[in-house]
Amino acid sequence: GGGSGAQRPDAGASIGGGGGGFGGVGGKGGLSSTGTQSVGGNIYGNATNITLKMGSGGGGESGDAPYSGSAGGAGIKVYASSGWIVIAGKINVSGLTGQVADKIDDSGGGGGSGGHVILIARNMSLDNAIINASGGAGGAGVSGGGGSDSCGGGGGGVGRIVYIYQS
């Protein structure tokens, strides 16, 4: 799962959105002035499962002008059976950063979780490859200003990268 959207406890409180979960738990949203906090998304699936999944989106915040959470990372599966997989570049299935609050009493949205990369082949050449499935950062709250009830969103959990060598 996705991170929880924040539920506003009263008209003056703002809560950051929770981060999306997948290979790792999403981070909690920032603590509001009333002591409430949104939770992050849970881990789901398992590390060796080759059923392709997508990353989960982060939760939205609950300020005066609510912002949505951000998208989770993509999924990509390459199955070359008895052949080769050669990667000499980058694969990035990272989650996106949560939306940043822009005024007092608005908080940051939750970051999306990383996505999923599955590579299955008899032979792989990944010498120059950079493969990334990081979670997105939580959106920042507004700093400064008296009476501000703004806090950041939770970061997204990591995704998964699976390599399987078939004989």
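Visitor: What pattern does the chain follow when it is read along the sequence?

Guide: The pattern is β-β-β-β-β-β-β. The chain has 7 strands and 0 helices. Strands here are DSSP runs of E with at least two residues, helices are runs of H or I with at least four, and both are numbered from the N terminus. This is a predicted model, where local features need pLDDT of at least 70 and side-chain atom pairs count only at pLDDT 80 or more, while totals for chains, interfaces and linings use all residues. Residues are numbered from 1 along each chain as its sequence is written, and side-chain values use heavy atoms, with hydrogens and water left out.

Visitor: How do you know that β1 and β4 are paired?

Guide: Two strands pair if DSSP finds at least two bridges between them. β1 and β4 (residues 116–121) are joined by 5 bridges, so they pair, and they run parallel. One example is Y79, whose bridge partner in β4 is I120.

Visitor: What about β4 and β7, how many bridges join them?

Guide: There are 6 bridges, again between strands that run parallel. Put together, you get an open sheet of 3 strands in the order β1-β4-β7.

Visitor: What makes β1 and β7 edge strands?

Guide: β1 (75–79) and β7 (160–165) each pair on one side only. Neighbouring strands in this sheet are turned by 5° against each other on average, direction ignored; the angle is taken between N-to-C directions on a 0 to 180 degrees scale, using axes fitted to C-alpha atoms.

Visitor: Why is S113 called buried?

Guide: Buried means under 20% relative accessible area, exposed means over 50%, and partly exposed is in between (1.4 Å probe, protein chains only). S113 has 0%, so it counts as buried. You'll find S113 in the loop between β3 (90–92) and β4. The side chain of S113 reaches the backbone nitrogen of S56 at 2.7 Å.

Visitor: And why does G59 count as buried?

Guide: Its relative accessibility is 4%, so G59 counts as buried too. G59 sits in the segment before β1. Check out G18 as well: G59 and G18 are 41 residues apart in sequence, but 5.0 Å apart in space, C-alpha to C-alpha.

Visitor: How do you know that β4 is covered on both faces?

Guide: Look at each side in turn. H116, I118 and I120 are buried on one side, and V117, L119 and A121 are buried on the other. That gives 6 of the 6 residues of β4. In a regular strand the side chains alternate between the two faces of the sheet. For the chain as a whole, 43% of the 167 residues count as buried.

Visitor: Why is I161 called partly exposed?

Guide: I161, in strand β7, has a relative accessible area of 33%, so it counts as partly exposed. Together with Y163 and Y165, I161 makes a nonpolar surface patch of about 310 Å².

Visitor: What stands out about S81?

Guide: S81 has a positive phi of about 40°, although it is not a glycine. S81 lies in the loop between β1 and β2 (84–86). Its relative accessibility is 34%, so S81 counts as partly exposed.

Technical notes:
Polar contact = N/O pair within 3.5 Å; in protein donor to acceptor, adjacent residues only side chain to side chain. Patch = residues over 30% accessible without salt bridge, like charges linked within 9 Å, V, L, I, M, F, W, Y side chains within 5 Å. Areas by Shrake-Rupley, 256 points an atom, 1.4 Å probe, with all protein chains shown as cover. Salt bridge = Lys/Arg side-chain N within 4 Å of Asp/Glu carboxyl O.
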